[in-house]
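This report describes a single structure for a reader who has not seen it before. The sequence and the model come first, and the description follows.

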Amino acid sequence: MINLLKFIFSALLVFMCYKVISTSLESNLFEQWNFLGSIPWMRATLWDFYANIFIITLWMFYKEKSIILKISIAVLFVCLGSIATLAYVLVYLFKLKDGEGVKELLLRREV
């Protein structure tokens with residue numbers, strides 16, 4: 001199961017990096033911000049994104065001990081979205097020892 005998650009999360013990370021970079025080269029977000037903000041579904045998507053970031057950040061705050069690390073990762077979550085989230089989870093997936101599973105990934109606190 002863990003190897004499958006490593007594969008899936010790695011593939012998603014590569015895809016999201018590709019998607020963000022290719023979209024950034026095609027379209028400037030800052031030039032289109034007013035237009036995008038006028039679309040109700042875009043506003044709903046942003047609210048959805050920040051609700052998810054809040055939940056993921058609470059989980060990360062539980063796992064991490066260092067306040068500096070907590071704040072740094074929270075900023076990365078907000079600025080990079082799923083790219084930062086996927087990278088964060090991948091780091092912990094690769095830190096798992098043989099025989100450890102999803103339970104240890106989700107519940108273990110770093111020492």
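## Burial and surface

Of the 111 residues in the protein chain, 26% count as buried; buried means under 20% relative accessible area, exposed over 50%, and partly exposed in between, with a 1.4 Å probe and protein chains only. The protein chain exposes about 8100 Å², and carbon and sulfur atoms supply 72% of this area. Accessible areas come from the Shrake-Rupley method with a 1.4 Å probe, and for residues only the protein chains shown count as cover.

## Basis of the model

This is a predicted model, in which local features need pLDDT of at least 70 and side-chain atom pairs count only at pLDDT 80 or more, while totals for chains, interfaces and linings use all residues. Residues are numbered from 1 along each chain as its sequence is written, and side-chain values use heavy atoms, with hydrogens and water left out.

## Fold

The protein chain has six helices and zero strands, where helices (H or I, at least four residues) and strands (E, at least two) are DSSP runs numbered from the N terminus. Its C-alpha atoms fill a box of roughly 50 × 30 × 25 Å along the principal axes.

## Cysteines

The count of disulfides is zero, a disulfide being a pair of cysteine sulfur atoms within 2.5 Å. The sulfur of C17 lies 15 Å from the closest cysteine sulfur, in C79, which is too far for a bond. C17 is partly exposed, at 28% relative accessible area, whereas C79 is exposed, at 59%.
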